[in-house]
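Take it one section at a time, and keep the viewer open while you go.

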2 protein chains.
Amino acid sequence: MSILVVGSVALDSIKTPLGEKTDILGGSATYFSYSASFFTKVNLVAVVGNDFPKEHIKLLESRKINTEGLQTVKGNTFRWSGCYENDMNEAKTLSTCLNVFETFKPEIPESYKNIEYVFLANIDPDLQMEVLSQMKKPKLIAADSMNLWIKIKKPSLTKLLSKIDILIINDGEARLFTEQPSLIKAGKIILDYGLKYVVIKKGEHGSLLFSKDGFFAAPAYPLEEVFDPTGAGDTFAGGFFGYLAKLNKKPTDNDLRRAVVHGSVMASFNVEDFSLERLKTLTSKEIETRYKKFKDITNFK
Amino acid sequence: MSILVVGSVALDSIKTPLGEKTDILGGSATYFSYSASFFTKVNLVAVVGNDFPKEHIKLLESRKINTEGLQTVKGNTFRWSGCYENDMNEAKTLSTCLNVFETFKPEIPESYKNIEYVFLANIDPDLQMEVLSQMKKPKLIAADSMNLWIKIKKPSLTKLLSKIDILIINDGEARLFTEQPSLIKAGKIILDYGLKYVVIKKGEHGSLLFSKDGFFAAPAYPLEEVFDPTGAGDTFAGGFFGYLAKLNKKPTDNDLRRAVVHGSVMASFNVEDFSLERLKTLTSKEIETRYKKFKDITNFK
């Protein structure tokens, strides 16, 4: 089944120990869409300025990502600039120019309103709620968030948690939200807000999946070099949610585990190059091979 | 087969967010011995002062740990004092009084010299080499080290690596030794010093096993509360090496993986209380149950 994703499309300027790029394609909804497109059809809602290069839209469409909901408005596209130093798990933001993203009001095209798999990428939780109110029969809803909203809009975020099935956040956000240093405690506390599943991403240390009935820990794929971690979390979410949408059934505990591993696989490819460069050449065969490798590196008899 | 362990026996004073204790039984060889004793016979070489409580020796002997090589000399026992604040992965050392440990020269009793499984806990790498030179037919040799020796005795430590089979160190030490932020690269670089296996411990993030033929990643057991992480690394090593010594054969890749998980299981119990408190009441049944749980939390079909 197809997915709706609402989030940001951006132009990023990034410096890592291995290189530097200016105004490259980025944004949470971009990474999510591209990653999920390896599993199912994706319908995008986002906003860009009239400076946004047409080739980027063509790139998304080449993966059959529906861009009907991608608004182009007068002004500049959202720009983010950041760098990574020793700790490749954490970006240092150099500048954030929201531009047209500042007044973004997600408008869900009529043709999207019956979509059953809904992913709310990291935007203001009030807007995430507004998106949900426009959807007619969502079957599985997942969301991401970030430190900013936890700090300034915790009541809205808390309300959102009671309306969604899955929260996918990183370790720092989980600790901030729950004020708990233990991620194991944090995951369980977040579950208690009414969620079915919580996924905590830990960068190079892998990810944790919490549900009422179980717990799953997956390592990260053992890469010798991380070229650029930007978008890894959104690419993870795309693989995770794309896999579940492709299944199109009430996921079992094992389905969720497989989804986490597919998320990790997609993220591991994404960090091998800037922007979508690595995903652009990615094949289903490569995804499958790395999935099998994941089985091998975690297996003991 | 039985194990020789050479390391420290200490009296620790520890403060964690959950409590505080003074002069409790600690030391690398203590934690290692006690943990390994659940798998095989352990023969200890260490030194204590004449202030060392006899009840601690009785405790070790109650686990059939051979204390023939535990020297008691005039003076005070090695004392370490540390605290854990927000980051339970890292102890802040408040004071280190080497006392009788400062002039410790490991003397291997005649009855120990034919032992085939040798574990060199964290002591001066020159002393680790001296211990090896006293052993007649070691079959499997593993060692630990620490930041101090990497900083001030890197040539000695490097020489040691060519004489042992397995190095077990933590993430910070691996990064410091190789000057590589990537643990995946670090593990491979250390292997190239002539080792068969390298285990990198990552505290709450689990551990990584490197060998020429493969790679294995194990999560940490999902504990909601870590009471006191002191000795977790040595307890891990005791479970890991104890398991291999019990097998008493050339370990396969899968044997090594099982050994890592046994190490993780033992460490997970150890951090549930101060000193050896939790291990004192531990049963083989509990070890087996947690081992199975490890399989469950990492498994996907």
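## Two helices side by side

Let's start with helix H3 (residues 125-134) and helix H5 (residues 154-161), both of chain A: their axes come within 8 Å and cross at roughly 30°. That makes H3(A) roughly parallel to H5(A), a label used for angles under 35 degrees, with over 145 counting as roughly antiparallel, 65 to 115 as roughly perpendicular and the rest as oblique. (Axes are lines fitted to C-alpha atoms, for helices over the stretch in contact, and angles run from 0 to 180 degrees between N-to-C directions.) Helices here are DSSP runs of H or I with at least four residues, strands are runs of E with at least two, and both are numbered from the N terminus.

Who does the touching? On H3(A), Pro125(A), Asp126(A), Gln128(A) and Met129(A) make the contact, and on H5(A) the partners are Ser156(A), Leu157(A), Lys159(A) and Leu160(A). Contact means C-beta atoms, placed from the backbone, within 7 Å. By class, this contact of H3(A) with H5(A) has 4 nonpolar, 2 polar and 2 charged residues. (Ala, Val, Leu, Ile, Met, Phe, Trp, Tyr, Cys and Pro count as nonpolar, Asp, Glu, Lys and Arg as charged, and the others, Gly among them, as polar.)

## A word on the model

This is a predicted model, where local features need pLDDT of at least 70 and side-chain atom pairs count only at pLDDT 80 or more, while totals for chains, interfaces and linings use all residues. Residues are numbered from 1 along each chain as its sequence is written, and chains are lettered from A and ligands numbered from 1 in the order in which they are written.

## The four-strand sheet

In chain A, 4 strands form an open sheet in the order S3-S2-S6-S7, with mixed pairing. Strand S3 (19-26) and S7 of chain A sit at the edges with a single partner strand each, so one side of each has no neighbour in the sheet. From one strand to the next, the twist averages 15°.

Zoom in on strand S6 (residues 79-83) of chain A, which runs antiparallel to S7(A) and is joined to it by 5 bridges. (Strands pair if DSSP finds at least two bridges between them.) Arg79(A) stands opposite Cys97(A), and Ser81(A) has Ser95(A) as its bridge partner. Is S7(A) buried or in the open? Of its 6 residues (92-97), the number buried is 0, so S7(A) lies largely in the open; buried means 20 or more other C-beta atoms within 10 Å of a residue's own, exposed means 12 or fewer, and partly exposed is in between, with C-beta atoms placed from the backbone.

## The nine-strand sheet

Chain A also has an open sheet of 9 strands, ordered S5-S4-S1-S8-S9-S10-S11-S12-S13, again with mixed pairing. Strand S5 (66-73) and S13 of chain A are the edge strands, each pairing on one side only.

Inside this sheet, strand S1 (residues 3-6) and strand S4 (residues 42-49) of chain A pair in the parallel sense over 4 bridges. Leu4(A), for instance, stands opposite Asn43(A) in S4(A). Helix H6 (residues 171-178) of chain A packs on the sheet, touching strand S10 (166-170) and strand S11 (197-201), and its direction makes about 110° with that of S10(A).

## Where the chains meet

The contact takes 23 residues from chain A and 23 residues from chain B. On the chain A side, H9(A) gives the largest share, 4 residues.

Definitions and conventions. Two residues are in contact if their C-beta atoms, placed from the backbone, lie within 7 Å.
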